Amino acid sequence: MSESKILLYYVFAPVADPEAVRLWQRELCESLGLRGRIIISPHGINGTVGGELDACKLYARRTREYGPFSGIEFKWSDGTGFADDTAEPLHGVDRRAPWRRSRDFPRLSVKVRDELVAFGLADETRVDANGVVGGGTHLSPQAVNDLVAQRGDDVVFFDGRNAYEAAVGRFENAVVPAVSSTHGFIEEIDSGAFDDLKGRPVVTYCTGGIRCEILSAAMVERGFTEVYQLDGGIVRYGEAFGNEGLWHGSLAVFDGRETVDFGGEEGDPAEVVGRCAVCGSGSNTLVNCADPSCRARFVACPEHRDERCTEHGGAADASPETAANALR
């Protein structure tokens, strides 16, 4: 029986013709029945795709064959299964790929953008064959624990994700900027809100590591003197330590799973750190505002998972300021 898998990956490397790479990547994914989201820019590639195990293996191998992408490190996780298999007729012939489709992604999207992560720093970001120029020092999960053991409370964890993601899981005593998208990070940093951290060891972290590549370089550029980034992101930390390390709660992901948990040595469930935006009860479930025109996300308990945010007549406070302040 085939296995459903999800790949999370990125690499920063100069790409001379992003549009040609986009066409190649779309054709490759379609031939393997993969679904997900891929962004290509002059700075590299960033993607999350899902499908059958063997299809994912072929995708990883063929993508690495392209010189600038040879150093990609793929992070593997289990998908939740496959969509119902249906025919795709064209001129009387069934044209569907000989692979089952992941049900964790509704479709395949492959786009060219100015940035791999939309911080608004396309002109500031510099990339060479070794990756982002001027970024923070990479630390393995064990090295992060060692730094905390050596430097104690002087170490600052800086969350490079949106506030709603941090609402269901984060590192101990993390600084969580009150932002709902990556566009807001640089404005917050430039405002001086975190100037008191400039002389302390700051460990940036995000889901798989890509946001911290840019964020850490931006922080160094703005005068932070000791900046680190968690190599491989929360995903790698969870693989290394499960629920036994410095991470608390669940990890928000951008596919049909919504959140994932890391098991402990005894298989213990993840700590519930999220609080329903309506009633305040414990929950690690993220939902969208029930208004179809709204993109707000918030934590909800089973009773309030179909609630609207306050801006659209509901009772759920989905503001990033409220989410960030609740974590402090």
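**Disulfides**

I started with the cysteines of this predicted model and searched the whole structure for disulfides, meaning a pair of cysteine sulfur atoms within 2.5 Å. The search finds 0 disulfides. Cys279 is in none, and its nearest cysteine sulfur, that of Cys301, is 3.7 Å away. I also looked up Cys289: its sulfur is 3.8 Å from the closest cysteine sulfur, in Cys309, which is too far for a bond.

Next I checked burial for these two, where buried means under 20% relative accessible area, exposed over 50% and partly exposed in between, with a 1.4 Å probe and protein chains only. Cys279 is partly exposed at 44%, and Cys289 is buried at 6%.

**Ground rules I kept in mind**

Residues are numbered from 1 along each chain as its sequence is written, side-chain values use heavy atoms, and hydrogens and water are left out. Since the model is predicted, local features need pLDDT of at least 70 and side-chain atom pairs count only at pLDDT 80 or more, while totals for chains, interfaces and linings use all residues.

**Arg211**

Is Arg211 buried or exposed? I found it buried, at 9% relative accessibility. Arg211 sits in helix H6, residues 210-221; helices (H or I, at least four residues) and strands (E, at least two) are DSSP runs, numbered from the N terminus. Its side chain makes a polar contact with the side chain of Glu165, at 3.0 Å. For my own reference, a polar contact is a pair of N or O atoms within 3.5 Å; within protein, one must be able to donate a hydrogen and the other to accept it, and residues adjacent in sequence count only if both atoms are side-chain atoms.

I then listed contacts, meaning heavy atoms within 4.5 Å. Leaving aside neighbours within four places in sequence, Arg211 is in contact with Val117, Phe119, Gly160, Arg161, Asn162, Glu165, Thr182, Cys206 and Phe254.

**H3 against H7**

At what angle do the axes of H3 and H7 cross? I read roughly 85° for helix H3 (residues 141-151) and helix H7 (residues 233-241), with the axes coming within 9 Å. The axes are lines fitted to C-alpha atoms, for helices over the stretch in contact, and angles run from 0 to 180 degrees between N-to-C directions. H3 and H7 are therefore roughly perpendicular to each other; angles of 65 to 115 degrees get that label, under 35 is roughly parallel, over 145 roughly antiparallel and the rest oblique.

On the H3 side I noted Pro141, Gln142 and Asn145, which meet Arg236, Tyr237, Ala240 and Phe241 in H7. By class, this contact has 4 nonpolar, 2 polar and 1 charged residues. The classes are Ala, Val, Leu, Ile, Met, Phe, Trp, Tyr, Cys and Pro as nonpolar, Asp, Glu, Lys and Arg as charged, and the others, Gly among them, as polar.

The buried residues of H7 are Gly233, Ile234, Val235, Arg236, Tyr237 and Gly238. Just after H7, I found Gly242 with a positive phi of about 55°.

**H5 and its surroundings**

Which residues of H5 are buried? I noted Gly184, Phe185, Ile186 and Ile189. The buried residues of H5 pack against strand S11 (156-159) and H6. Gly192 follows H5, and its phi is positive, near 90°.

From there I moved to Phe224, in the loop between H6 and strand S14 (226-230). Phe224 is buried at 4% and touches Ile189, Phe194, Leu197, Lys198 and Met219, not counting residues up to four places away in sequence.

- Asn173 has phi near 55°. It lies in the loop between strand S12 (169-171) and helix H5 (183-190) and is exposed at 71%.
- Glu258 has phi near 70°. It lies in the loop between strand S16 (251-252) and strand S17 (259-260) and is partly exposed at 28%.

**Ala315**

Last entry: Ala315 is in the loop between strand S19 (297-299) and helix H8 (320-325), partly exposed at 42%. Its C-alpha atom is 7.9 Å from that of Ala277, 38 residues apart along the chain. Beyond neighbours within four places in sequence, Ala315 is in contact with Ala277, Val278, Glu307, Arg308 and Thr310.
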